[in-house]
Amino acid sequence: MPPEAPVEVTTRLRPVRERRTGRTVAVAVCAVLGFGLIGGALAGVWLAAAEPGKPAEPVGYAEAKDLWHNAPVDALFPRTLAGPGAGPGGADRTWTRIVVAPDAACTPAVLAKGLLATVQPLGCERVLRATYTDATTSSVLTVGLVFTQADAATQRTLGQGLTTRLGADVPPALAGPGTVAARFGAPQRAAWWLNAPADLPVVVTAVSGFADGRTVDGGPVPADRAMAANRTDATAQSGLGHEAKGITERLVRLLRTAATTAAKENAR
């Protein structure tokens, strides 16, 4: 990914001497033009909304499709990622990146079977993955960004109940030799989550587990189930469900920021 090089351009406006003659006429003309522009803009919005199957494309949507090769890795997977209130009981979390994988094609090696079957018809572009650990280095999380060519209408329906629809479709773990994630594999996966935001052509995945290599009794569960109040198992008590769901929400925010920034730069 090329390094980010934002450039800010501003223009200094020249002062204009006040003119009293004809001020009233000028104000009236501006008012008429203003109402005309506002009316035209609203009409455009109404027409776009009224056209069936053609929802207005969110700002940065087109640019988001190319973030996998246009954005620097630190913009998508920061070295340190803060998660205020992301832990059990609203506890703060901080995650540190320990592994980054090269971008990959959409294959069973990097995507769970059900998700792969879901995104392939949409034009699955590329998958980016990284693994993080928490501040205590007791848990590890593999996160993924799945970029597609889905149009805005399709994306708006994709994320509705996606985790529930896919059932036990647990994302693959990404181990890191020589790191605390060295033993993070399929048997160590504990909680997982998927997030397909309506305004970005991306699916964000996360799977969490223990850094000590232990297997999980009963196998991995969706994050919302691991976060249920009545659970007393190790996955629930360690907050691994909160970790998986919380980190996907933060990554979605980062993607939105990167996409809107790219859209503003393209508009200059």
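The legends below describe close-up views of a predicted model.

Residues are numbered from 1 along each chain as its sequence is written, and side-chain values use heavy atoms, with hydrogens and water left out. Because the model is predicted, local features need pLDDT of at least 70 and side-chain atom pairs count only at pLDDT 80 or more, whereas totals for chains, interfaces and linings use all residues.

**View A. The disulfide of Cys 106 and Cys 124.** A search of the whole structure finds one disulfide (a pair of cysteine sulfur atoms within 2.5 Å), formed by Cys 106 and Cys 124 with their sulfur atoms 2.0 Å apart. The link is left-handed, with -80 degrees about the S-S bond. Cys 106 lies in the loop between strand E2 (93-100) and helix H5 (113-119) and Cys 124 in strand E3 (residues 124-134), so the pair ties together parts that are 18 residues apart in sequence. Helices (H or I, at least four residues) and strands (E, at least two) are DSSP runs, numbered from the N terminus.

**View B. Strand E3 and its partners.** E3 runs antiparallel to E2, joined by five bridges, and also antiparallel to strand E4 (residues 139-148), joined by nine bridges; strands pair if DSSP finds at least two bridges between them. Arg 97 has Tyr 132 in E3 as its bridge partner, while Arg 129 stands opposite Gly 144 in E4.

View C. Leu 251, in helix H10 (residues 240-267), counts as buried because its relative accessibility is 0% (buried means under 20% relative accessible area, exposed over 50%, partly exposed in between, with a 1.4 Å probe and protein chains only).
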